[in-house]
Structures are given as structure tokens and as C-alpha cells.
Amino acid sequence: DRNAENLDRLRDEAPATSFHIAASLAQFMGLLRQFRTVVLSGSEAGFDLFSELLEQLEAGDLLIDAVHCHFKECCRRERCLAERDIRYLETGILGGGEDGSSPVLMVGGRPETYRCAQPLLGPLVSKGVGGQCVSRLGPAGAGHFVKTIYDGIEYALIQLVLEAFDLLKSALDLDDDAARDLTGAWQIGAPNRFRRDDSARWTSQAARELEAPAPTLDAAVGMRILSELEKQNDFATTLFRQPVGHFGDDAASILDELHGALCAAAIITYAQGMAVLAAGAERYGFGINLAEVVRLWEVCCGRRAALLDEIASAILATPNLPNLLHDDDLSEKVMEQQERLRHAVWRAGRLQTSVPALMASLDYLDSCRGAWLPVNLIQVPPTRLYSQPLSPPGAGPAKITVLKMSNEG
């Protein structure tokens with residue numbers, strides 16, 4: 001404890017032999033017997049502490065890095081410590097905390113280092129189907145990468161539920177309490193709290209980098225930014241905003257429509273997230289076992305555990321499944337609800353209600369179903385570049401210059 005007053009109070013109140021007191025990190029590290037195991041957690045403060053730890057760690061020490069950071073930063077740290085023969089594990093954490101529940105740990109690092117740390121990590125975690133909810137998912141960076149994708153999916157699911165809730169209120173002209181009463185029986189199981197961190201943005205960036213489209217996640221990130229910009233927009237509070245109307249549809253049919261739309265969009269969102277995860281596992285050499293990832297996620301998903309169980313079954317049945325929507329059972333569930341999703345998006349347009357995540361989910365579904373997309377209009381064969389010039393004025397009909405791009409050009 002770097003607070004001098006706290007140290008003085010501890011010395012006065014506690015017997016001298018009960019515990020050691022350190023006023024600095026160097027003093028604290030000196031009190032630990034070698035080889036030392038240090039767990040580093042937190043967020044932004046963890047970066048400063050990591051730099052300070054570098055001066056204190058020695059060959060043979062083990063650093064377990066649970067700081068919230070980009071997965072590529074974990075790869076950099078592992079290389080930095082390996083040069084000094086310092087062992088390193090990084091772990092993404094789900095659950096645990098104030099509610100007293102045990103966490104789920106998704107670990108990245110070397111196999112032999114993980115085996116040494118298992119006696120420490122095992123007693124800390126939740127118990128789920130298949131045993132303790134701690135698993136090595138690959139080399140350094142894999143744990144934080146999986147955690148990032150999980151957070152990105154959760155982020156998108158929250159946006160989907162918020163859109164459906166807003167659309168329900170608009171369609172039936174309800175206040176918040178009435179809408180909540182109507183939707184109380186929905187078995188969606190979306191998270192009830194929102195973490196404002198960089199994970200969703202990192203997921204969206206990774207999807208673009210890996211060329212694994214995730215439009216629902218992108219829409220969720222965009223709407224979060226727009227919702228903050230709206231506070232600065234004078235137009236948002238003017239009388240020129242059109243009032244939201246509502247149709248005469250009965251409440252039961254609208255509830256059924258929106259619940260079905262959410263169920264379909266949730267599966268589509270997981271399909272996007274798992275596609276990004278699979279692409280990252282291949283690109284970065286993580287070798288992630290997707291079925292094991294889903295097993296860990298199930299513990300933290302409450303009502304959505306049933307859906308995660310179906311996703312795990314699909315992955316186990318077809319290990320190289322290119323997309324969850326290619327699985328017969330999951331695709332059948334989506335297609336059973338796709339008309340409700342389509343009608344919900346139509347209803348939002350009639351009500352002038354913004355539902356970008358629901359719309360992106362529908363677009364993703366239709367794009368996956370189409371063997372030909374509009375972008376094919378600008379695709380050209382990979383032939384050599386050549387040009388045929390225009391004719392001079394008065395020399396008859398002009399000839400159009402044709403450019404064909406090649407890989408060489």
C-alpha cells in the first residue's frame with residue numbers, strides 16, 4: 001500500500017508477526033519467495049503497472065496477465081518477457097466479481113506454463129458441464145481474443161434487445177413499465193448490464209481485418225456512437241421531429257413477431273461472431289477449439305445456455321463448419337423466424353424507428369443465402385491492364401477506354 005497513513009494504521013493495529021507490509025512494488029516483490037507468481041488485473045492502470053513490474057521480474061517468475069487490453073498487446077508482452085526467460089500467461093475473464101460468483105478463465109500461453117499454473121487457477125473458477133471453467137485456448141493472445149469476441153457478441157445482443165423494446169413501445173404506444181410487463185416472459189436472456197469498454201470496437205476492427213463480415217456488431221458500435229452524438233444535436237429536441245405513430249395490430253401478434261425476430265437475430269449474431277473467431281484462430285495461429293470456447297461461454301449466458309448448447313452440437317457435428325448458418329438445425333430455426341424478422345424491419349420503417357442491428361442481421365442472412373451479390377457487378381477477371389484510346393473529334397464514333405486490372409498491375 002503506497003498510502004503512508006494506511007501503513008501507519010496497519011502497524012499500530014496489527015501484530016508485527018501477522019503479515020508483511022510493503023510500501024513499494026520493489027519492496028513487495030522482495031518479500032516473495034522465488035520463483036514468484038504475479039497476477040496482474042485491472043484496466044488502464046494495468047499498463048503502467050506492467051511497465052513497473054518489468055523491472056522487478058526475474059527469470060523463472062510467472063506473470064498471469066488479466067488486464068483488459070487488446071489481444072495483440074498480450075502477444076507483444078509475451079515476446080518481451082520470453083527474452084528474459086520470464087513465464088507468461090494471459091487470461092480473459094468472464095463473470096465473477098461483485099455478485100460473489102466464480103469467474104470463467106480463457107487462457108493463452110505455452111502449454112507447460114499453463115500446466116504449472118493449473119493448481120492455482122482451478123480452485124478460482126466456476127464449475128460447469130465438462131468440469132472446471134478454465135481452459136488454455138492457444139498461445140499468448142488467444143484468451144483475450146476470445147474474450148473480445150464474446151464481449152462483441154454481447155454488445156450486439158444488447159443492441160438488438162433495445163431496438164425490439166423500442167419498436168414494441170412505438171407499435172403499441174406503451175410506456176416503459178407497460179412494455180416491460182409485456183416482455184417479461186421472453187426467453188431471450190440478453191445481458192442486463194452494459195460494459196463501456198473497447199471490446200466491441202476491437203471485435204468490429206478484427207472482423208474487417210480478417211475479412212469476416214459482422215454487420216450486426218458494426219451496427220451496434222455505430223449506434224452507440226450515434227446515441228452519444230445525439231446529445232449534442234439540437235435537431236434531436238426540436239418540434240420538427242415526426243411523432244411516432246402505431247398500427248392497430250394486437251399486442252399478442254406484435255409480441256410474437258418481435259420475439260421471433262430477436263431469436264433469429266441472436267443466432268445470426270452468434271454466426272457472425274463465431275465466423276470472426278474462426279478466422280482469427282486461423283490467421284493468428286491460435287488453434288482455438290471452438291467447442292471448448294462455447295462450453296466456457298455457456299456458464300455466463302443464463303437463458304441463452306440452450307442456444308449455446310445447440311451451437312456446440314453444430315460445431316462438434318461439423319468441426320470445419322464455415323458458418324453456423326450452414327448447420328441444418330440452426331438454419332432451420334432461423335428460417336422459421338425469418339419472416340418475423342423481415343416484418344419487424346418493415347414495421348420499424350413504417351414507424352420511423354431506427355433498428356440498424358435488426359436490419360443488419362436480416363441483410364447478413366439474405367447475403368448468406370444469395371449465390372450472387374450486387375458487388376459482382378464491379379468484379380472483373382484478373383487479366384492484364386490495357387487501354388484503347390478515344391478517337392479524336394470528327395473521326396467518327398468515339399471508342400470507350402477499357403481498363404482491366406490484373407494482379408501484376
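I take helices (H or I, at least four residues) and strands (E, at least two) as DSSP runs, numbered from the N terminus. This is a predicted model, so I keep in mind that local features need pLDDT of at least 70, that side-chain atom pairs count only at pLDDT 80 or more, and that totals for chains, interfaces and linings use all residues. Residues are numbered from 1 along each chain as its sequence is written, and side-chain values use heavy atoms, with hydrogens and water left out.

**Entry: the whole chain**

I looked up the overall make-up and found 14 helices and seven strands in the chain. Of the 409 residues in the chain, 42% are buried, where buried means under 20% relative accessible area, exposed over 50%, and partly exposed in between (1.4 Å probe, protein chains only). The chain exposes about 22,500 Å², of which carbon and sulfur atoms supply 53%; such areas come from the Shrake-Rupley method with a 1.4 Å probe, and for residues only the protein chains shown count as cover. I also noted that, among contacts with a separation of 6 or more, 69% are between residues 24 or more positions apart, a contact being heavy atoms within 4.5 Å.

**Entry: Thr148**

I placed Thr148 in helix H6, which covers residues 142-172. Thr148 counts as buried because its relative accessibility is 4%. Setting aside neighbours within four places in sequence, I found Thr148 in contact with Ser199, Trp202 and Thr203.

**Entry: strands S4 and S7**

I find that strand S4 (residues 103-109) runs parallel to S7, and that four bridges join them; two strands pair if DSSP finds at least two bridges between them. Within this pairing, Leu105 stands opposite Val134 in S7. Strand S7 (residues 134-138) is mostly covered, with four of its five residues buried.

**Entry: cysteines**

I looked for disulfides, meaning pairs of cysteine sulfur atoms within 2.5 Å, and the structure holds zero. Cys69 is in no disulfide, and its nearest cysteine sulfur, that of Cys74, is 3.7 Å away. Cys69 counts as buried because its relative accessibility is 2%, whereas Cys80, with a relative accessible area of 24%, is partly exposed.

**Entry: a surface patch**

I noted that Val39, Leu120 and Leu124 form a nonpolar patch on the surface, together having about 260 Å² of accessible area. Patches are made of residues with over 30% relative accessible area and no salt bridge, like charges being joined within 9 Å and nonpolar side chains (Val, Leu, Ile, Met, Phe, Trp, Tyr) within 5 Å; a salt bridge is a side-chain nitrogen of Lys or Arg within 4 Å of a carboxyl oxygen of Asp or Glu. Leu124 lies in the loop between helix H5 (111-121) and strand S5 (127-128), and its 46% relative accessibility makes Leu124 partly exposed.
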